[in-house]
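Subject: Structure handover

Hi there,

Here is the structure I promised to pass on to you. Please open it alongside this email, and have a look around before you read my notes.

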Amino acid sequence: MWLFSRKGASGFSASSTAEEVTQGIDGTGLTAVVTGASSGIGTETARVLALRGVHVVMAVKNMPTGREVKETIAKRNPNAKIDAMELDLSSLASVRKFAADFISSGLPLNILMYNSLSAYGQSKLANVLHANELARRLKEDEVAITANSLHPGAIATNLFRHSNLINGLVGLVGKYVIKNVEQGAATTCYVALHPQVTGKTGLYFADSNVAETSLQANDNALARKLWDFTFTLINNCPNNT
């Protein structure tokens with residue numbers, strides 16, 4: 001896979017892989033929950049974090065597939081600490097059960113990685129707004145937790161499997177602008193583990209570097225509105241939904 005690979009301030013670029021941006025980093029003692037870990041960049045993220053010593057909890061909707069991915073990672077890395085737990089993000093009941101089961105496990109939660117592929121454009125904007133508002137609230141409360149958002153780039157995964165037009169474009173220009181899975185997981189792993197990101201919060205990353213977002217994504221009033229709407233929606237939702 002060939003990409004324009006001009007390095008940014010971090011020393012990494014769009015062509016950097018998840019293994020490259022975490023080279024030499026020891027994540028032993030950390031626990032990470034990775035959603036969407038049963039395919040694509042979620043799987044690669046889980047694999048590389050486990051490779052760096054992180055205890056990875058794969059939060060997956062399809063448990064049979066999740067177990068297969070877990071076994072594959074464990075075969076490649078016998079020292080990997082990796083588990084699969086069921087989580088359907090479209091169901092608040094499933095989210096509550098996952099949270100209760102995770103708390104019961106006694107594991108710490110050092111890193112939470114949320115991958116979303118549904119309603120792609122709107123969900124990505126919502127993720128950035130949510131991360132910004134969460135970061136603001138944590139700083140306001142003087143809580144030593146950071147929250148950042150990122151864009152992995154255009155990835156050659158099954159995200160585009162239902163679009164013949166996009167598949168055609170990928171085939172035509174893919175080698176110039178499309179990342180492979182190893183490159184696609186790089187920014188996620190960089191933000192999760194790299195010392196350069198320690199203590200930084202409320203930022204947006206792309207190609208393993210701090211990046212600019214749209215004006216809409218930087219709208220603090222919109223971020224608060226989304227937060228309040230989500231909070232109300234969750235509180236008004238029956239526990240079994």
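First, the ground rules. This is a predicted model, in which local features need pLDDT of at least 70 and side-chain atom pairs count only at pLDDT 80 or more, while totals for chains, interfaces and linings use all residues. Residues are numbered from 1 along each chain as its sequence is written, and side-chain values use heavy atoms, with hydrogens and water left out. Helices (H or I, at least four residues) and strands (E, at least two) are DSSP runs, numbered from the N terminus.

Let's start with strand E2, residues 55-60. Six of its six residues are buried (buried means under 20% relative accessible area, exposed over 50%, partly exposed in between, with a 1.4 Å probe and protein chains only). The cover is on both faces: His55, Val57 and Ala59 are buried on one side, and Val56, Met58 and Val60 on the other.

E2 pairs with strand E1 (residues 31-35) in the parallel sense, over five bridges; two strands pair if DSSP finds at least two bridges between them. Within this pairing, valine 34 stands opposite methionine 58 of E2. Between E1 and E2 the chain passes through helix H2 (residues 40-51), a right-handed β-α-β crossover. Right-handed here means that, with the strands pointing away from the viewer, the path from the first strand over the helix to the second runs clockwise.

E2 is also joined to strand E3 (residues 82-86) by five bridges, and these two run parallel. Alanine 59 has methionine 85 in E3 as its bridge partner. Here the chain goes from E2 through helix H3 (residues 63-76) to E3, and this β-α-β crossover is right-handed.

Further along is an open sheet of three strands, in the order E5-E6-E7 and with mixed pairing. Strands E5 (149-151) and E7 (209-210) are at the edges with a single partner strand each, so one side of each has no neighbour in the sheet. E6 (residues 204-206) pairs with E7 in the antiparallel sense over two bridges, and alanine 206 has asparagine 209 in E7 as its bridge partner.

Now for the rings. The structure holds three aromatic pairs (rings of Phe, Tyr and Trp, the last by its six-membered ring, pair if their centres lie within 6.5 Å; planes under 30 degrees apart count as stacked, over 60 as edge-to-face and the rest as tilted). Phenylalanine 12 and tyrosine 190 are edge-to-face, at 5.9 Å centre to centre with 70° between the planes. They are 178 residues apart, with phenylalanine 12 in the segment before helix H1 (18-21) and tyrosine 190 in helix H8 (residues 186-193). Tyrosine 190 and phenylalanine 205 have centres 6.2 Å apart and planes at 65°, so this pair is edge-to-face too. Phe12, Tyr190 and Phe205 form one aromatic cluster.

H8 itself is largely enclosed by the rest of the structure, because seven of its eight residues are buried. Those buried residues pack against H1, H2, strand E4 (111-113), E5, helix H7 (181-184) and E6.

Finally, which residues does serine 208 contact, leaving aside its neighbours within four places in sequence? They are Ser10, Phe12, Val21, Ala186, Thr187 and Tyr190, where contact means heavy atoms within 4.5 Å. Serine 208 is in the loop between E6 and E7 and is buried, with a relative accessible area of 0%.

Happy exploring!
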